[in-house]
Amino acid sequence: MRTILSIAIITLFAAGSALADREYVFDKKDNFDGAAVTSVSIDISHGDIAIEKSRGDDIEVFYKNIVYARNQSEAEDINKDYQYSAEIVGGRLTIVIDEPRHDRRGKGIVERIIEGDWSDESNPMLKVSLPDGKAVEISSSSSDIEAADLKLDLDIESSSSDINVENTQGVFSCDVSSADITVTGHKGAVSVRGKSSDIRLVDIEGPINAHTSSGDVGVEKAKGSVEAFTASGDCRLLDIDGDIDAEAASGDIYVSGANGSVRASAVSGDVRLEGLSSKEAAYDVKSVSGDISMEVSRDFTGNDFEQTRFAGA
């Protein structure tokens with residue numbers, strides 16, 4: 001019986017290899033007068049999105065759809081289901097990729113083996129190059145998003161996405177679920193709300209508000225106030241030049257190198273503060289079920305100091 005089953009599986013794989021999908025690329029490029037655009041709206045369900053600085057004053061939109069199919073004719077039919085549009089209305093550039101509601105992702109393993117189909121039907125990719133000073137809104141359900149090396153106000157609403165923002169200036173905000181967010185080298189306010197998301201913010205100049213329902217919050221080298229909350233995860237705040245307000249419902253809070261007041265509250269976890277350099281800061285530290293440790297500056301002269309532990313070692 002095992003021999004028959006093995007032969008059947010080998011036969012299926014051989015059939016699949018014979019019908020294996022090939023890669024076909026369809027692309028389109030548009031140019032717009034940057035002076036006529038104040039804001040950009042991007043709506044794409046899944047794929048990859050890259051935002052970068054343009055070389056001149058124009059806005060360039062490059063759309064590429066990588067399609068997996070048996071032949072050119074099938075690839076063209078699949079690509080027709082992906083409707084790309086980009087137009088300016090009232091100073092707003094709207095970019096939309098309307099995708100089909102069905103694809104191969106629901107197929108079973110036997111069907112995939114027989115057809116040699118181990119990938120999605122397509123992978124839409126969008127690159128937008130624009131000059132400094134624009135407002136960008138992105139709406140997506142499962143796209144990886146990158147933005148780098150420009151001044152912009154960026155607002156992202158997404159799920160099942162990884163977000164990477166680097167060397168930017170402006171207001172950054174995002175509301176995501178099942179996504180990891182990394183922001184590095186940003187000047188301006190940062191507001192992040194996540195569900196089942198890890199948040200990592202490094203080298204930020206501006207106020208930070210980072211909330212996640214399940215995941216870790218990490219902030220390193222920040223100039224400005226920091227508000228960090230996680231329902232299930234740890235808060236790690238390092239080298240903060242500003243006031244800190246941190247909460248962890250189920251997790252630890254670790255602060256190292258803080259020049260400002262600190263309020264830290266943990267329900268089920270430890271709170272550890274060290275390298276507190278402010279001479280006159282206020283410290284309010286609580287843990288319902290966990291340990292508390294603090295190291296303040298020898299020059300500390302403040303009188304607003306509260307430490308509460310309801311239970312713990």
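Predicted model: local features only at pLDDT ≥ 70, side-chain atom pairs only at ≥ 80, totals over all residues.
Is D132 buried, partly exposed or exposed, and at what relative accessibility? At 30% relative accessibility, D132 counts as partly exposed. Thanks for coming, everyone.

Let me step back for the overall picture. The chain has 313 residues, and buried residues make up 42% of them. Its secondary structure comes to three helices and 25 strands. If you look at contacts between residues at least 6 apart in sequence, 32% of those join residues at least 24 apart. For those of you who like surfaces, the accessible surface of the chain comes to about 15,700 Å², and carbon and sulfur atoms account for 46% of that.

Back to the charges. How many salt bridges are there by this rule? The count comes to eight, and I'd like to show you two further pairs.

The next pair is R263 and D245, whose side chains meet in a salt bridge at 2.7 Å, N to O. R263 is in strand β21 and D245 is in strand β19 (residues 244–250), so to speak two distant parts of the chain, linked across 18 residues. On accessibility, R263 is partly exposed, with a relative accessible area of 28%, and D245 also counts as partly exposed, at 27%. There is a further partner here: D245, E247 and R263 are linked in a network of salt bridges.

The other pair is R272 with E274, and their side chains form a salt bridge of 3.0 Å, N to O. Have a look at the accessibility of the two partners. R272 counts as partly exposed because its relative accessibility is 43%, whereas E274 is buried, with a relative accessible area of 15%. The cut-off for buried is under 20%, which is why E274 gets that label.

Now for acidic residues on the surface. Which residues gather in a patch of negative charge? The members are D144, E146, D149, D162, E166, D180, D198, D216, D234, D252 and D270. The elements that give two or more residues to this patch are β9 (142–159) and β10 (162–169). Of the elements involved, β9 gives the most, with three residues. One member I'd point out is D270, which is placed in the loop between β21 (262–268) and β22 (271–276). D270 counts as partly exposed, because its relative accessibility is 32%.

A word on backbone angles, since I know some of you will check them. S160 has a positive phi of about 50 degrees although it is not a glycine. You'll find S160 in the loop between β9 and β10, and at 44% relative accessibility it counts as partly exposed. D239 is another non-glycine residue with a positive phi, here about 55 degrees. D239, though, is placed in a strand, namely β18 (residues 235–241). With 43% relative accessibility, D239 counts as partly exposed.

Where is L276 found? L276 is in strand β22, and at 1% relative accessibility it counts as buried.

N79 is buried, with a relative accessible area of 17%. And which residues does N79 touch, not counting those up to four places away in sequence? The answer is F26, Y63, N65 and V67.

That's my tour. Happy to take your questions.

Definitions and conventions
Residues numbered from 1 in each chain as written. Heavy atoms only, no water. Buried < 20%, exposed > 50% of the residue type's maximum accessible area, 1.4 Å probe, protein only. Contact = heavy atoms within 4.5 Å. Patch = residues over 30% accessible without salt bridge, like charges linked within 9 Å, V, L, I, M, F, W, Y side chains within 5 Å. Areas by Shrake-Rupley, 256 points an atom, 1.4 Å probe, with all protein chains shown as cover. Salt bridge = Lys/Arg side-chain N within 4 Å of Asp/Glu carboxyl O. Lys, Arg positive; Asp, Glu negative; His and termini not counted. Charge placed at Lys NZ, Arg CZ, Asp CG, Glu CD. Helix = DSSP H or I, 4+ residues; strand = E, 2+ residues; numbered from the N terminus.
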